[in-house]
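Q: I would like to learn how to read a fold with its sequence beside it. Could we go through the features one at a time?

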Amino acid sequence: MKLFEAADLGALHLRNRIVMAPLTRTRAGEQGIPNDLLVEHYAQRAGLGMIITEGTWPVQEGRSYPGQPGIETDEQIAGWRRVTDAVHERGGTIVMQLMHGGRVSHTDISQTPRIVGPSAIAAPGQTHLADGSKADMPVPHELTTDEVREAVQGFVQAARNAIAAGLDGVEVHGANGYLVHEFLSPVSNTRTDEYGGSPENRARFAVEVTTAIAEAIGADRVGIRLSPQHDIQGVLEEDDADVRATYTAVADGLAPLGLAFVDVLHAEPGSDLVQHVRRTAGAPFIANSGFSSMTTRDEAITLLDGGLADAVAVGRAAIANPDLADRWEQDAPLNEPRPELFYGASAEGYTDYPTLDQVREPVA
């Protein structure tokens, strides 16, 4: 079965084809510095083919959640170095997801004078502040054309910082309603300059960010995550023709780069749209179907053996099973995830899931 075979995605070596999906966990404290909990959490999962870290903010203005880690300060870089050393000591591969939250934030969270977006349109709903209260999503500052280009450079510096921290590569977060995705959608992007209007213009920011990072650290260490047709956080993509045109423009722009991978979150990885993006981008493909249910072993095997993906990203099963690769290879029972603890602050529901060996230990 391909699932348990090694693979190389660009310069990234995977011991198997199970990829830990990027998962917001909010355990990095007020300053966004990876701590002992993060070191243990990621080290526990080093047996997976590749770890993609939780979304990590490149600049303070892009922080979306209390407890979310950053990769901007010397202290954050040093904290991530502890994580990468621990993962590498166990033979693992780890890349960082660079996530600028854009309009999905609040100034009480970012601790900056403003939040930003492609247009002055607030995300719907409310967000949780550090004190546990809720607040309406504020109207973001609409980035000027020059500020858009500055945002690109913020991503680039973050990528350099990630490499300095020992990460094996980075993934641009272009999905789930955050800044790069906000530029892609005509609902959140109503600009009239070169970054708005046509699908090609709305795709420009995603392509420029990814291209600039590839030039800075090497394309064979860079991936991007996309989520076409994912209605989330007010980024609606309901016009099928516009979705196809937009993501074709993204894939066309990425194709010359020689990226390590393209990671697509979609309920139907085998759909014509997703496979079209895959073919057009011409990069190794990571499939992630994890919407309403947990990705299963059988589904992962089917995707790979059917030629629909080069690797499979797994979320909730990887949270609940630090030794997921061993369990799947042995077709062993799995721990059940505890969603009520996903966004906590402690070890509970984070580093305390038992491994198969612990489950099988004889009772004295």
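A: Let us begin with pairing: two strands pair if DSSP finds at least two bridges between them, and strands (E, at least two residues) and helices (H or I, at least four residues) are DSSP runs numbered from the N terminus. This is a predicted model, in which local features need pLDDT of at least 70 and side-chain atom pairs count only at pLDDT 80 or more, while totals for chains, interfaces and linings use all residues. Residues are numbered from 1 along each chain as its sequence is written, and side-chain values use heavy atoms, with hydrogens and water left out.

Q: How many bridges join strand 10 to strand 11?
A: Strands of a sheet pair through backbone hydrogen bonds, either parallel or antiparallel. Here strand 10 (residues 169-174) and strand 11 (residues 222-226) run parallel and are joined by 5 bridges, and Val172 has Ile224 in strand 11 as its bridge partner.

Q: Which strands make up the closed barrel?
A: The barrel is closed by 8 strands in the order 3-4-5-10-11-12-13-14, with parallel pairing. Within it, strand 12 (residues 261-265) pairs with strand 13 in the parallel sense over 4 bridges, and Asp263 has Ile286 of strand 13 as its bridge partner. On to the next pair, strand 13 and strand 14 (residues 311-314) are parallel over 2 bridges, with Ala287 opposite Val312 in strand 14.

Q: Which way do the residues of strand 13 point?
A: Buried means under 20% relative accessible area, exposed over 50%, and partly exposed in between (1.4 Å probe, protein chains only). In strand 13 (residues 285-288), Phe285 and Ala287 point one way, Ile286 and Asn288 point the other way, and all are buried.

Q: How many residues does the largest nonpolar core have?
A: A nonpolar core is a set of buried Ala, Val, Leu, Ile, Met, Phe, Trp, Tyr and Cys residues joined through side-chain atoms within 4.5 Å. The largest one has 87 residues, and Trp80 and Phe205 are among those with the most contacts inside it. A second, separate core of 13 residues includes Leu9, Ala21, Met50 and Ile286.

Q: Is Thr351 buried or exposed?
A: Thr351 counts as buried because its relative accessibility is 10%. This residue lies in the loop between helix 11 (324-330) and helix 12 (356-360). Contact means heavy atoms within 4.5 Å, and, leaving aside neighbours within four places in sequence, Thr351 is in contact with Leu37, Glu40, His41 and Gln44.
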